[in-house]
Amino acid sequence: MRRRTVIAQGMAASLAVLGGLSMGSQRTQAIDAVVIGAGLAGLACAQQLMAAGRKVVVLEARQRIGGRIWSEQRQGCAIDLGASWLHGITNNPLHRLVTKGVGVPVVPTNDQSQVTIGPNGQRWSSERSKQADDWLAALVRRAEGNGTARESLDALLPARLTPDQRFTLIADVEHELGAELSTIAANAPLGDGEELLGGDAMVPAGLDRLVRHLAQGIEIRLGQVVKQIQNHPNRVRVTTADGNVIDAQMLCCTVPLGVLKQGGIRFDPPLPAAKAQAIERLGMGVLNKIVLLFPKRFWDDTTWIRNNGPDAGLWPEWVDLTSLIGRPGLMGFTAANRARELERQPDRAVLASALGQLKRCYPERVIPAPSDVLLTRWGVDPFSLGSYSYPAVGSTPAMREDLARRWNRMAFAGEAVSTSFPATLQGAYLSGIQAAKELLA
């Protein structure tokens, strides 16, 4: 990739070693600051506020911390089912935090190590791959130079696409943004923000190690679904679904864009027009995963397997996890409308579709039954309602700034408000730090 459900009670209990997690709160309490959401943005904001001497409580709707970071331990290895990559490690502060602060290694992802398997199992030649890449690069340059935010990317496409061009758009654009071409702003075909430098890397120990590191010393209350935020010039009041009320001097809301779009939180007074417009117009994409662990390998010795089958949107990309987790494993991806369709099907149907595509790619090889299967359904997860934000038709980067800007005693944070690195972990992390600075100013 070019840029890129409740956990068991036992996991929540194990997190108590952090010293601050609890399953409830007093009915009414006054503190200095409330942070809503225990993902990277919320934890970064809380740490900054605590460093400034503020008493902070983090309210988390899930029964776990991490938000869209979700690491599962299976067969003795960590598998990241939410965010999986540190993107652009050269200008990514989380790279140093993971390797130096947390003290765990990262493994760079070789995006050049790939095979594209066309119909009937034939491999694309290097020349065929280059032609498709060159075509996409030219399209991106034209779109970024001539496209506008008011039109969709598909409006700039030629009347007739070749099968190779169509597959390239699905694998490299729709899967990058988690959205259909008809909903992506024409001037941002690969997303907005600054250039990500230095490639991507994965964390074999699991990104939850980063989450646990940031959560140290923070009072985090799990299972707290916020229903109302009263935001007035001199105070804020938060009311949860179970009737808990917290009064504070300041508040940071890191609720994912998908949840804000749904309108599950009532704001009193109502959100300013610019913030409401940003929430409405920014897009929330969906990228889902299936992870299959196998008793033995049967696939190509390459990092990426690109599945250019008759159904170009059905599991078009797979990444080999073997060197990362120490056992044979594949992680498959599906995005946009196809992801939304699949996530509403039962597990057995999703598994059958994935295995069917692998069999299409390797018709002459014996594919053993997977020893373990893990699925995600981020689009219907009530506490995310999507995977990450993207520049939808009618949206602009300035809308991210509008959403982030302090309003009375509160500020928003999260990847969706980042103008530099939206849809990334570092975007979420840095937005939390910035929100704390705004609140303390």
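Next I checked the partner strand. E4 and E5 run antiparallel and are joined by 4 bridges. I looked up one of these pairs: Ser71 has Asp80 in E5 as its bridge partner. The hairpin has 2 residues between its strands. There I noted Gln75, with a positive phi near 50°.

**Ser84**

I moved along to Ser84, in the loop between E5 and strand E6 (85-87). Is Ser84 buried or exposed? It counts as buried, because its relative accessibility is 4%, and the cut-off for buried is under 20%. I listed its contacts, leaving out neighbours within four places in sequence. Ser84 is in contact with Ala201, Met202, Leu207, Lys289 and Met331.

E6 belongs to an open sheet of 3 strands, in the order E6-E9-E7. The pairing is antiparallel. E6 and strand E7 (107-108) are the edge strands. Each has a single partner strand, so one side of each lacks a neighbour in the sheet. I counted 3 bridges between E6 and strand E9 (residues 200-202). Leu86 stands opposite Ala201 in E9.

**Leu86 and the nonpolar cores**

Which residues touch the most other members of the largest nonpolar core? They are Leu40, Leu86 and Ile220, in a core of 43 residues. I note the general rule: in soluble globular proteins, nonpolar side chains tend to be buried together.

**Helix H6**

I then took H6. Its buried residues include Asp208, Leu210, Val211, Leu214 and Ala215. Why do they sit on the same side of H6? They cover an arc of only 150° around the axis, so they share one side. I asked what covers them. The cover includes H2, strand E4 (71-74), strand E5 (77-80), H3, strand E10 (219-221) and H13. Gly217 follows H6, with a positive phi near 85°.

**The six-strand sheet**

I traced an open sheet of 6 strands, in the order E8-E17-E18-E19-E16-E20. Its pairing is mixed. Strand E8 (114-117) and strand E20 (372-375) stand at the edges. Each has a single partner strand, so one side of each is without a neighbour in the sheet. Neighbouring strands are turned by 20° against each other on average, direction ignored.

I looked at one pair in detail. E16 (residues 287-293) and E19 (residues 329-335) run antiparallel, joined by 7 bridges. Asn288 stands opposite Thr334 in E19. Helix H11 (residues 347-361) lies across E8, E16, E17, E18, E19 and E20. H11 runs at about 75° to E16.

I checked Ala336 next. Its phi is positive, about 55°, although it is not a glycine. Ala336 is in helix H10 (residues 336-342). It is buried, with a relative accessible area of 2%.

Asn408 also has a positive phi, near 50°. It lies in the loop between helix H12 (397-404) and strand E22 (410-412). Asn408 counts as partly exposed, at 30% relative accessibility.

I found a cis peptide bond between Asp268 and Pro269, with omega about 0°. Pro269 lies in the loop between strand E14 (266-268) and helix H8 (273-281).

**Arg142**

I looked up Arg142 in helix H4 (residues 126-146). Arg142 is partly exposed, at 38% relative accessibility. Beyond four places in sequence, it touches Gly147 and Leu156.

**Confidence**

Last, I checked the scores. The chain averages a pLDDT of 93, and 94% of the residues score at least 70. Residues 1-26 stay under 50. The model has 73 contacts for this stretch beyond four places in sequence. Where pLDDT is low, the predicted coordinates should not be read in detail.

Key. Residues numbered from 1 in each chain as written. Predicted model: local features only at pLDDT ≥ 70, side-chain atom pairs only at ≥ 80, totals over all residues. Heavy atoms only, no water. Core = buried A, V, L, I, M, F, W, Y, C linked by side-chain atoms within 4.5 Å. Buried < 20%, exposed > 50% of the residue type's maximum accessible area, 1.4 Å probe, protein only. Arc of directions from axis to C-beta. Contact = heavy atoms within 4.5 Å. pLDDT = per-residue confidence, 0-100. Pairing = 2+ DSSP bridges. Axes fitted to C-alpha atoms, helices over the stretch in contact; angles between N-to-C directions.
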